[in-house]
Amino acid sequence: MDESLFLTINLTNRFLEHQTVLRKKLQLVGLTAMLLACKYEEVSVPIVEDLVMISDKAYTREEVLDMVISLIGSH
């Protein structure tokens with residue numbers, strides 16, 4: 001779990017170094033970074049709908065998946 005949290009923060013920081021994000025989308029960046037970190041580090045990966053629920057439905061499934069593409073494309 002520690003590795004996933006470290007990777008989440010690392011991905012978020014690296015993305016924000018290259019991309020300006022509105023404050024209302026910052027949580028989306030963090031959720032997406034957590035999703036990618038868990039896919040890399042964990043055996044059990046949260047599903048996108050769980051992350052939407054965690055964000056109190058502030059974002060849609062499509063917004064999360066679009067941000068995945070943005071995060072991956074920023075490297």
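**Figure 1. Overall size of the predicted model.** With 75 residues, the protein chain would have a radius of gyration near 11 Å if it were a compact globule, and its value of 11 Å agrees with this. The C-alpha trace spans about 30 × 25 × 20 Å along its principal axes. Of the 75 residues, 32% count as buried.

**Figure 2. Helices along the protein chain.** The protein chain holds four helices and zero strands, giving the pattern α-α-α-α along the sequence. Among contacts between residues at least 6 apart in sequence, 62% join residues at least 24 apart.

**Figure 3. The salt bridge between K25 and E63.** The side chains of K25 and E63 come together with an N to O distance of 2.8 Å. K25 belongs to helix α2 (residues 23-41) and E63 to helix α4 (residues 61-73), so this pair ties together parts that are 38 residues apart in sequence. K25 is partly exposed, at a relative accessible area of 25%, and E63 is partly exposed with a value of 25%.

**Figure 4. The salt bridge between E49 and R61.** The closest N and O atoms of E49 and R61 are 2.6 Å apart. The pair links helix α3 (residues 48-54), where E49 lies, to helix α4, where R61 lies, across 12 residues of sequence. E49 is partly exposed, at 39% relative accessibility; R61 is also partly exposed, at 39%. The count for the model is two salt bridges.

**Figure 5. Surface and charges of the protein chain.** The accessible surface comes to about 5,200 Å², and 58% of it belongs to carbon and sulfur atoms. The protein chain has 7 positive and 11 negative charges, whose mean positions are 8 Å apart.

Definitions and conventions
Residues are numbered from 1 along each chain as its sequence is written. This is a predicted model: local features need pLDDT of at least 70, side-chain atom pairs count only at pLDDT 80 or more; totals for chains, interfaces and linings use all residues. Side-chain values use heavy atoms; hydrogens and water are left out. A salt bridge is a side-chain nitrogen of Lys or Arg within 4 Å of a carboxyl oxygen of Asp or Glu. Helices (H or I, at least four residues) and strands (E, at least two) are DSSP runs, numbered from the N terminus. Buried means under 20% relative accessible area, exposed over 50%, partly exposed in between (1.4 Å probe, protein chains only). The radius of gyration is taken over C-alpha atoms; the globule rule is 2.2 Å times the number of residues to the power 0.38. Contact means heavy atoms within 4.5 Å. Accessible areas come from the Shrake-Rupley method with a 1.4 Å probe; for residues, only the protein chains shown count as cover. Lys and Arg count as positive and Asp and Glu as negative; His and the chain ends are not counted. The place of a charge is taken as NZ of Lys, CZ of Arg, CG of Asp or CD of Glu.
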